[in-house]
Amino acid sequence: LIGVAGTKFRFAHPVLAEAFYQQLSEAQRRHHHKRIAQVLTSLRPKDSAALAYHFFRGGALSEALPHLLKTARCARRADAYRECRLHLTQALEVCDEIADAGGDRIDVLLLLAEVEQRLGDPARSLELCRHILTAVGREGPPEALAETWLLMGWVHYRRSARKEAEDCYAGALERFNQLGDQESCAVIEMRLGHIAF
């Protein structure tokens with residue numbers, strides 16, 4: 001260990017830290033991650049990336065979920081799509097484990113579908129969108145349905161599947177009209193115009 005400043009210490013090399021970490025049992029690792037997350041909650045409550053990492057590794061899944069989502073959204077805004085996908089994949093694991101993740105699960109799936117499309121996997125993106133539509137049903141939350149149909153339309157359009165794109169955009173247009181979102185309706189009308197042209 002090397003003294004850094006005052007009472008702070010660090011390992012002389014990251015390999016040493018990793019070697020000590022590997023010697024811990026899985027239960028000890030979870031305990032330490034959870035404890036670090038609890039301390040960070042007091043010291044650095046806005047550090048969502050660190051909180052997400054330690055709560056997730058510590059098995060405190062309910063506490064990890066909001067931080068995973070926040071970190072994923074920050075990564076998406078920064079166009080760090082691979083990092084975003086990692087956080088969303090972990091968030092999806094959490095949603096599968098906890099009972100009351102309904103709305104969060106849909107948010108995670110929708111964000112992940114967008115990220116997969118941006119990373120060049122349109123088939124995975126469409127698969128996730130179909131999963132959302134199945135999960136929420138025809139009478140599900142109009143916002144989620146509208147965003148899902150819109151994304152599917154865009155993916156089909158990018159794949160030159162014009163008929164499928166038109167059908168998806170029509171579904172999105174219907175939902176956005178129900179929501180009174182005229183700006184999104186205008187965007188869809190413009191995209192439909194491009195397809196027709």
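Q: Which residues line the largest pocket nearest its centre, and what makes a residue count as lining?
A: Arg76, Leu110, Leu111, Glu114 and Glu147 lie nearest the centre, among 14 lining residues. A lining residue has an atom within 4 Å of a pocket point; a pocket is an open set of points on a 1 Å grid over the protein atoms alone, where a 1.4 Å probe fits, with protein on both sides within 12 Å along at least five of seven lines. This is a predicted model, where local features need pLDDT of at least 70 and side-chain atom pairs pLDDT 80 or more, while totals for chains, interfaces and linings use all residues. Residues are numbered from 1 along each chain as its sequence is written, and side-chain values use heavy atoms, without hydrogens and water.

Q: Which element gives the largest share of the lining of the largest pocket?
A: α6 does, with 6 residues. The elements giving two or more are α4 (61-77), α6 (102-118), α8 (142-158) and α10 (182-196). Each helix is a DSSP run (H or I, at least four residues), numbered from the N terminus.

Q: Why are α8 and α9 called roughly antiparallel?
A: Helix α9 (residues 162-179) packs on α8 at about 155 degrees, with the axes 7 Å apart. Axes are lines fitted to C-alpha atoms over the stretch in contact, and angles run from 0 to 180 degrees between N-to-C directions. Angles over 145 degrees count as roughly antiparallel, so α8 and α9 are roughly antiparallel.

Q: What is the handedness of the crossing of α8 and α9?
A: The crossing is left-handed: the near helix is turned anticlockwise from the far one by less than a right angle.

Note on methods
Angles under 35 degrees count as roughly parallel, over 145 as roughly antiparallel, 65 to 115 as roughly perpendicular and the rest as oblique.
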